[in-house]
Amino acid sequence: MNNRSLMKRIAGRALAACALAAAGGCALGPDYRRPALEMPATYRDEAALPGETVAADWWTLYNDAALNELVAQVLANNSDARIAAAQVDEAEAVLRQVNASFFPQLDLGGGASRSRVSADTDVPLNANAPLIRNDRRLTVSTAFELDFWGKLRRGSEAARAQALASAYGREVVRLTLAGTTTQAWFSLRALDAQIAALRDSVRTREESLEVVKSRAAAGYASDLELNQAVGARADAAAQVTELQRQRSGVENLLAALSGRGDLRVAAGDIRDLPLPPLPPPGLPSALLDRRPDIRVAEQNLAAANAQIGVARAALFPTISLTGNYGGQSSALQHLLDSGARIWSGGFALNLPIFDAGRNLARVDQVEARRQQALFAYQKAIAVAFREVADAIVNTSQSARAETDLTIRRDSARNSLELAQLRYQSGYSGYLEVLDAQRTANDAELALARNRQSQLAYSVDFFKALGGGWTAPARPGP
């Protein structure tokens, strides 16, 4: 049997042994199963209904083209979004690296040396042997660890879970950025509405001030009333200045989120934004697959579970196959001749005998990390249920409050008109006008803030349910 046939047989047997080890070897450590959790049949304050389909770009339901463009810029340019995308790329590269361990590594090696042996020694030399010798070597070598105990498979399982966790983590970042941007946008529009209402209040108080000045000049109003009118006008103007300061802060936040330092947003009105139809929250069990933060926690748990197998495998022998094939010759032109062939094959076994409990301590560490990951998973689910319950209550209660706040505003407007007419006719003092102005001003601002709360709570609702989703299939009759 020539060398080529022998090497083919060795290589074939080595590959067969690798396949047998990978297929028949056991995988130490527990297989991952989703933890059994006690889940409520319905959400609090809401019946359990099948969810409706909502597009992933849920912010488009507010029908605001400027908001849609801004969210797109934030998702494309924000540093946190870019970091999350880079972390996904890193996790995928780690997974490819880990999976490469299932295949033998081939290395091409070569070398050349020139040496001279001494002629003045006690060792007899062959008379025909030259004192100066050349050595050229070209080899292909390989080493491959047999996965008898599933260490490589568990490592791949952990890396795959971490890659999925990174992907879900990116969705968490995108959902958070979209929610933060949308709520900041609503805050900006609410401030615009409040500034517009206060400017109307300033105008009304300026008109009242002119009336008081005319009455004071005619001797029908006192200096007290004049000072009260001046102070009321200044108070409204100061509130406008404060709200403009707050608006600049929100605008700066949007500029930072979108990566556009020169962002300037034209004034608008929150009352022009529609309240989107909110789908029912669906079954609580569906929340586990909707919320990306819960999926992150679960994949972290799966990765920690797989690492137990990696740590336990370190307690058992490591078996590796090694091989070397090539040529060795003193002359470069004969390096590939059949007579210059060299090869070797073998295996190595490494069995830990005494490590002072180091490997067992590693097993205890990864089991403790799995417990931490389990508690983090349970906490993420508890937080998710609380956020859904809060969103349901907040959206429903703020919607109910708008009716009463609208009645309050209309009543305050009418009261202000009547108070002004009564004062101008001399039937009441200016204090009645001041009280009506304050009431009307507070009513206008409260209505604008409640509309902001309604819109912000609707964003909380989308975020609590994990953003966009596809409705589960309805059961047949």
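**A guided walk**

Thr-318 stands opposite Asn-350 in β4. Before we follow that pairing, please note that this is a predicted model, in which local features need pLDDT of at least 70 and side-chain atom pairs count only at pLDDT 80 or more, while totals for chains, interfaces and linings use all residues. Residues are numbered from 1 along each chain as its sequence is written, and side-chain values use heavy atoms, with hydrogens and water left out.

Let us start with the sheet. Strands of a sheet pair through backbone hydrogen bonds, either parallel or antiparallel. Here four strands form an open sheet in the order β1-β2-β3-β4, and the pairing is antiparallel. Strands are DSSP runs of E with at least two residues, helices are runs of H or I with at least four, and both are numbered from the N terminus. Two strands count as paired if DSSP finds at least two bridges between them. At the edges stand β1 (105-116) and β4 (341-350), each with a single partner strand, so one side of each has no neighbour in the sheet. From one strand to the next, the twist averages 20 degrees.

Now look inside the sheet. Strand β3 (residues 318-329) is joined to β4 by 10 bridges, and the two run antiparallel. Gly-323 has Gly-345 in β4 as its bridge partner. Strand β2 (residues 132-146) also pairs with β3 in the antiparallel sense, over 11 bridges. Thr-139 stands opposite Gly-326 in β3.

Next come the helices, with α4 as our guide. Helix α4 (residues 151-217) packs against helix α7 (residues 292-313) at an angle of about 165 degrees, their axes 8 Å apart. Axes are lines fitted to C-alpha atoms, for helices over the stretch in contact, and angles run from 0 to 180 degrees between N-to-C directions. That makes α4 roughly antiparallel to α7; the word applies to angles over 145 degrees, with those under 35 called roughly parallel, 65 to 115 roughly perpendicular and the rest oblique. The contact of α4 with α7 has 14 nonpolar, seven polar and six charged residues. In this scheme Ala, Val, Leu, Ile, Met, Phe, Trp, Tyr, Cys and Pro are nonpolar, Asp, Glu, Lys and Arg are charged, and the others, Gly among them, are polar.

Helix α5 (residues 223-258) packs with α4 at about 160 degrees, with axes 8 Å apart, and the two are therefore roughly antiparallel. Their contact divides into 22 nonpolar, eight polar and 11 charged residues.

How do α4 and α8 lie, parallel or antiparallel? The axes of α4 and helix α8 (residues 358-424) come within 11 Å and cross at roughly 10 degrees, and the two are therefore roughly parallel. Thr-204, Ser-208, Val-211, Val-212 and Arg-215 in α4 meet Leu-416, Gln-420, Tyr-423 and Gln-424 in α8, where contact means heavy atoms within 4.5 Å.

Finally, how far can you trust the picture? The chain averages a pLDDT of 84, and 84% of the residues score at least 70; pLDDT is the predictor's confidence in each residue, from 0 to 100. Confidence is lowest in helix α1 (residues 3-24), at a mean of 43, and highest in helix α2 (residues 65-77), at 94. Where pLDDT is low, the predicted coordinates should not be read in detail.
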